[in-house]
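Thanks for coming, everyone. I have one structure to walk through today. Please look at the screen.

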Amino acid sequence: MATARGIWLSYDLGVNGDYESLYAWLDDHDAKECGSSVAFLRYEFDGQLIDSLKNDLSSSVTLNKKSRIYAVYRGEKSTVGKFVIGRRKSAPWEGYGESGEVTEDDGEE
């Protein structure tokens, strides 16, 4: 029996990514645009959500080592976010905020 779940997908396929196939997949799933590289859709699947999404996307979109797709959805007890394809990388904002460390300058070197 198929299960349906609302999910947000954030995607980054890199400069030369297969966006045309991804957009066709999103269109086929009646996804709604939610800002730059974010879509919402109601996804029907059998078994495990992330495994089903990964298999579905991998068979429809040409992916490479730079491809990243992140899903956010409501789990059994809380909101869950997981990488379907790829993994986390360093954030472009790292180093801009306060480090939280308090240092004192006593004038000595």
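**A walk through the model**

Asp30 is exposed, with a relative accessible area of 58%. The cut-offs are these: buried means under 20% relative accessible area, exposed over 50%, and partly exposed in between, with a 1.4 Å probe and protein chains only.

Before I go on, a word on the source. This is a predicted model, in which local features need pLDDT of at least 70, side-chain atom pairs count only at pLDDT 80 or more, and totals for chains, interfaces and linings use all residues. Residues are numbered from 1 along each chain as its sequence is written, and side-chain values use heavy atoms, with hydrogens and water left out.

Back to Asp30. Where is it found? Asp30 is in the loop between helix H1 (19-28) and strand E2 (32-33). Helices (H or I, at least four residues) and strands (E, at least two) are DSSP runs, numbered from the N terminus. The phi of Asp30 is near 55°, which is positive in a residue other than glycine.

There is another such residue. Ser37 has a phi near 60°, again a positive value in a residue other than glycine. Ser37 is found in the loop between E2 and strand E3 (38-45). Its relative accessibility is 27%, so Ser37 counts as partly exposed.

Now the overall layout. The chain has two helices and five strands. Along the sequence the pattern reads β-α-β-β-α-β-β. Of the 109 residues of the chain, 26% count as buried. Contact here means heavy atoms within 4.5 Å. Among contacts in the chain with a separation of 6 or more, 57% come from residues 24 or more positions apart.

Next, the two helices. Two packed helices are described by the angle between their axes and the distance between the axes. The axes of H1 and H2 come within 9 Å and cross at roughly 130°. Those axes are lines fitted to C-alpha atoms, for helices over the stretch in contact, and angles run from 0 to 180 degrees between N-to-C directions. H1 and H2 are therefore oblique to each other. For the classes, under 35 degrees counts as roughly parallel, over 145 as roughly antiparallel, 65 to 115 as roughly perpendicular and the rest as oblique.

Which residues meet there? From H1, Ser21, Leu22 and Trp25 meet Leu53, Asp56, Leu57 and Ser60 in H2. By class, this contact of H1 with H2 has four nonpolar, two polar and one charged residues. The classes are: Ala, Val, Leu, Ile, Met, Phe, Trp, Tyr, Cys and Pro as nonpolar, Asp, Glu, Lys and Arg as charged, and the others, Gly among them, as polar.

On to the aromatics. How many aromatic pairs does the rule give? The count comes to six. Rings of Phe, Tyr and Trp (its six-membered ring) pair if their centres lie within 6.5 Å; planes under 30 degrees apart count as stacked, over 60 as edge-to-face and the rest as tilted. Trp25 and Tyr43 form a tilted pair, 6.0 Å centre to centre, with 40° between the planes. That pair links distant parts of the chain: Trp25 sits in helix H1 and Tyr43 in strand E3, 18 residues apart.

Elsewhere, Tyr11, Tyr19 and Tyr23 form one aromatic cluster.

Helix H2 comes in here again. Ser52 lies in helix H2 (residues 49-60). Ser52 is buried, with a relative accessible area of 17%. Leaving out residues up to four places away in sequence, Ser52 touches Tyr43, Phe45 and Asp46.

Last, Cys34 and Phe40. Cys34 is in the loop between E2 and E3. Cys34 counts as partly exposed, at 39% relative accessibility. Not counting residues up to four places away in sequence, Cys34 touches Trp8, Ala39 and Phe40.

Phe40 is in strand E3. Phe40 and Asp30 are 10 residues apart in sequence and 8.7 Å apart in space, C-alpha to C-alpha. With the neighbours up to four places away left out, Phe40 touches residues including Trp8, Asp30 and Cys34.
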